[in-house]
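Q: I'm new to this one and would like to learn how to read it. Could you walk me through it?

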Amino acid sequence: MSYIPKPKVSHPGLGKNKLGLTVRDYEGGLSTLCAGCGHDSITAGIIQACFELSIEPHKVGKMSGIGCSSKTPGYFLSSAHGFNSVHGRMPSVTTGANAANKDITYLAVSGDGDTASIGIGQFAHVIRRKLNMLYIVENNGCYGLTKGQFSATADVGSKNKKGVPNEMDPIDPAAFALQMGAGFVARSFSGDKKQLIPLIKAGLNYKGFAMIDVISPCVTFNNHEGSTKSYEYVREHETEVNVLDFVPKREEISVDYPKGQSTSVTLHDGSQMILKKLDQNYDPEDRLEALKQIQMHQKRNEVITGLLFLDPKERDMHDMIATPSKPLRDYSLSELCPGNEALQALNKSWR
Amino acid sequence: MNKIESVNEFVIRFANINGTGSASANGMLAKSFFKLGLPIGPKNIFPSNIQGLPTWYEVRVSESGYTGRRGNSDITIAMNPQTFKQDVAALREGGYLVYDSTRLLRESDKRQDVNYIGIPISEMARDNFSHAKSRDMLKNIIYVGSVAALLDIDLDIFHQLIKDQFATKPKLHESNFLALKLGYEHAKEHYLCPCGIKVAKRDLVGSNIILNGNEALGLGAVYAGATVAGWYPLTPSTSVIEAFNKYCHKFREEENGDQQYAIIQAEDEISAAGMVLGAAWNGSRSFSATSGPGISLMSEFIGYAYYTEIPMVLFNIQRCGPSTGMPTRTQQSDLLLCTYASHGDSKHILLFPSSVKECFEFSVLAFDLADRYQTPVIVMSDLELGMNDYVSEPLEWDDSYQHDRGKVLDQNALETTNEKFYRYLDVDNDGVTYRTYPGVHPSGAYFTRGSGHDKFGRYTEDGALYQENMERISKKFQTAVEKSLPKPKLNIRDANNKVGIVTIGTTYEPLREATEILSKRGMIVNEMLLLSFPFGPEVWEFCQKHDKVIVIDQNRDAQLKTLLVNDLQLDPNLLESICSYDGNPVMASFLVDSLAAKIEGAKI
């Protein structure tokens, strides 16, 4: 953790976004995580992504569960409401929050324990509901706050700090999300901001359920030799399938990839995702293929990263339950109350 | 032979097999008594099963106005061979047994002191109705016809009820009318009609209505302006959500089909509770309906709501526990669970409706209280109240009523204030702090956390700051008791009475009857019906003023008594308890006997 707080004054040279805000306006409280923690890099990526998207900070709902990862919403967007809920139950809280107000952006941060163990049920069902949110898994394969036990995402054979290997099969959050029907599934690495930031931007703009599984090494309990979630291991075994560039609506497309090597997808709000293929055979719109690739690379001890799957037909929970465009919480109670005349008519029907 | 002779005072019981369509036929008979101006108390006693198990429906008709469960039966329609012996045994001496005489009665099923009325129901159905599926349904209508003859009810009432019930299926009218006539005429031809028990038209129900508690709760949530319901199917609470859905559909749909509500069926009750909190945090009124097992699962979130101070409305339709228990039988055994649900120090506001009308009113009140005190409010109904029809005064709504959202700083307030907003700062010194909704204004932002926090909403592990905040939360409950919670209903027959009786909810109706019977016997007592928890000073006073206080519980362990002792620091020796917890509605006769034993012991 950094002990010296940065003064909250903006350097005059700092760039401003469309709202006239600087990147400092997207920061939060001081991180209390260990120095070098992967999660702090993700926090920085979130700050940068929100800044670049010119999101009004207070129009974001920061959602989390319990664990190191779930503390991080305290470290970004201090003018947004945060909901640090109970262990593994962030998805249900986000469901209720989103049902009440569909007009704010839900940015959720969870960990591998919070998602793949205690919260696997809620993780599965929030995907089925196609909740419009970005769900970031800060995945380090272990429980940090309770001193390094394996989590359900630890690979078979990966060793803990004492050298004991994990015996149980891992749950892969990306493969799991694909099977549950997620519309946007990506994987990244906390050490690769260049890859991560465009994915966060695209995930925030995607209408429907978007998940990014970010391998985020735990420097204290899971960064040693023999761990498959260490900085060194992931750097050596990462295979990037594509490079994403996210272009918000009405901005000029500046990237120029040779024909045939890139695809472009326009999202519901008019923004564009331009995808440069690193693996020519990888089609991110093919769910089955994505699942196959994830497992194939896993077999070869490779960590596949990039935009793994995208369903361009965006649909969310509100489409299924047919709510009006006006957020439910904006209806006044007197407007929602049928009144006495209606009640008298009901009385009559009960006689 | 002895024959029960009675006009408008009797219990009729229907013994059926569940899944055979008997409910609507039996309900029709109940409705006919009501249409004739008589107070009724129907009770549905049903199994946790879809088809094939015994189910009973009984209706108490009482022109003197006692509609609690009386016990035994004066006339029984025994349609279930499985329970025949048991149903014969439960008849009062001189009672009437209506049975399907297509098959011969066994000697062992005969009793010398009851009147057997055989109607060849299956035979008539077979001879007159060719369609096998509807034949079973029409059998029920045949016995309705016979009962109408035996009780001297005009068939016209049933013709109208059939037309109402099958308003969209006029094809069914003819066959139902015929079934009715077959049963009616057979009884008239072969038996003395009326049989001894008679229904005579009165004008005792005025503008009253027939409604069940769950329907009233669900409707109350619509009137309260709730827009989000997170829920998981669980008997006997499911029909609260169904009612909410029905009335939202009726009142909250826009012309283009858009729905001004979100009813989300969760994967479990934990998730349902999370949805309630997420929506309430975000400014919607939200709720869940569940029963004991659901409260167990929701407990972690209930404690979270208590500590982070998020309004949370729950309807607990209590059933018979522990564990799965007897899920379709009634009990009030979640009192302690709900009062202190969750780990750590926590305590919740409870409301105890005792009637359908109170279900409606407390449903609305629960939302106001939850918003005003930013805490969970649990409405403690039970299966008996929730799933049975009651004769009730009509529901009322005052159009000038203002819903209370409590202390919320809106955009304008945040824009214009000079003071910095802190989520847990007790500005008004009543324990209740100000909150803001997400997305309204940057200066309204705060971080909701279940971890230790100080009055500024900041994370803390400082014991003094933690404690200061916990003390302040306690204060809210004092304010609630002083200013907002419904006070108990007292029935002081004589201020010098030495014995006082305390109860809640559905026990009240049979208690009212029992204490009136006891009064006639010279055992005059005072009563107190509790409507809310935490208890106010009136409750303490009532207990202190009597030498003996008898607390009536619908659970084994006298939970209400425990709560009184605990919350009011009462001497446990002051309180005695009577517990009725076999899963059936409390009977007045049980209360008369058990109260008499205790009152006589008190030597008054």
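Q: Let's start with a helix. Which residues in α1(A) are buried?

A: First, keep in mind that this is a predicted model. To call a residue buried, look for 20 or more other C-beta atoms within 10 Å of its own. In α1(A), the buried ones are A:Gly38, A:His39, A:Asp40, A:Ser41, A:Ile42, A:Thr43, A:Gly45, A:Ile46, A:Ile47, A:Ala49, A:Cys50 and A:Phe51. That is 12 of the 16 residues, so α1(A) is largely enclosed by the rest of the structure.

Q: What covers the buried residues of α1(A)?

A: Look for contacts from other elements. Here the cover includes the strands β1 (60–64), β3 (105–111), β4 (133–139) and β8 (209–215) of chain A, along with the helices α2 (68–71) and α7 (193–205) of chain A.

Q: Zooming out, how does the radius of gyration of chain A fit a compact globule?

A: The idea is to compare the chain with a globule of its own length. With 351 residues, a compact globule would come out near 20 Å, and the 21 Å of chain A agrees with that. Its C-alpha trace spans about 75 × 50 × 50 Å along the principal axes. Chain A has 12 helices and 13 strands, and 53% of its residues are buried.

Q: What share of the contacts in chain A join residues at least 24 apart?

A: Counting contacts between residues at least 6 apart in sequence, the share is 70%.

Q: Now the inside. Which residues have the most contacts inside the largest nonpolar core?

A: In soluble globular proteins, nonpolar side chains tend to be buried together. Here the largest nonpolar core has 260 residues, and B:Val98 and B:Leu277 have the most contacts inside it. Leaving out residues up to four places away in sequence, B:Val98 touches B:Ile75, B:Thr76, B:Ile77, B:Ala78, B:Ile117, B:Ile119, B:Tyr143, B:Ser146 and B:Val147. There's also a second, separate core of 10 residues, with A:Tyr143, A:Phe150, A:Cys218 and A:Val219 among them.

Q: How many residues does each chain bring to the contact between chain A and chain B?

A: To read an interface, count the residues on each side, then see which elements supply them. Chain B brings 52 residues and chain A brings 47. On the chain B side, α9(B) gives the largest share, with nine residues. By class, that side has 27 nonpolar, 18 polar and seven charged residues.

Q: Do β9(B) and β16(B) run parallel or antiparallel?

A: They run antiparallel, joined by four bridges. B:Ile210, for instance, has B:Val391 of β16(B) as its bridge partner. Both faces of β16(B) are covered: B:Asp389 and B:Val391 are buried on one side, and B:Tyr390 and B:Ser392 are buried on the other.

Q: Where is the peptide bond cis, with omega near -5°?

A: Omega is the angle to check for a cis bond. This one runs from B:Cys193 to B:Pro194, and B:Pro194 sits in the loop between α6 (171–190) and β8 (197–198) of chain B. Another cis bond joins B:Phe533 and B:Pro534, with omega about 0°. B:Pro534 is in the loop between β21 (532–533) and α17 (537–545) of chain B.

Terms used. Residues are numbered from 1 along each chain as its sequence is written. Chains are lettered from A and ligands numbered from 1 in the order in which they are written. This is a predicted model: local features need pLDDT of at least 70, side-chain atom pairs count only at pLDDT 80 or more; totals for chains, interfaces and linings use all residues. Helices (H or I, at least four residues) and strands (E, at least two) are DSSP runs, numbered from the N terminus. The radius of gyration is taken over C-alpha atoms; the globule rule is 2.2 Å times the number of residues to the power 0.38. Two residues are in contact if their C-beta atoms, placed from the backbone, lie within 7 Å. A nonpolar core is a set of buried Ala, Val, Leu, Ile, Met, Phe, Trp, Tyr and Cys residues joined through C-beta atoms within 7 Å. Ala, Val, Leu, Ile, Met, Phe, Trp, Tyr, Cys and Pro count as nonpolar, Asp, Glu, Lys and Arg as charged, and the others, Gly among them, as polar. Two strands pair if DSSP finds at least two bridges between them.
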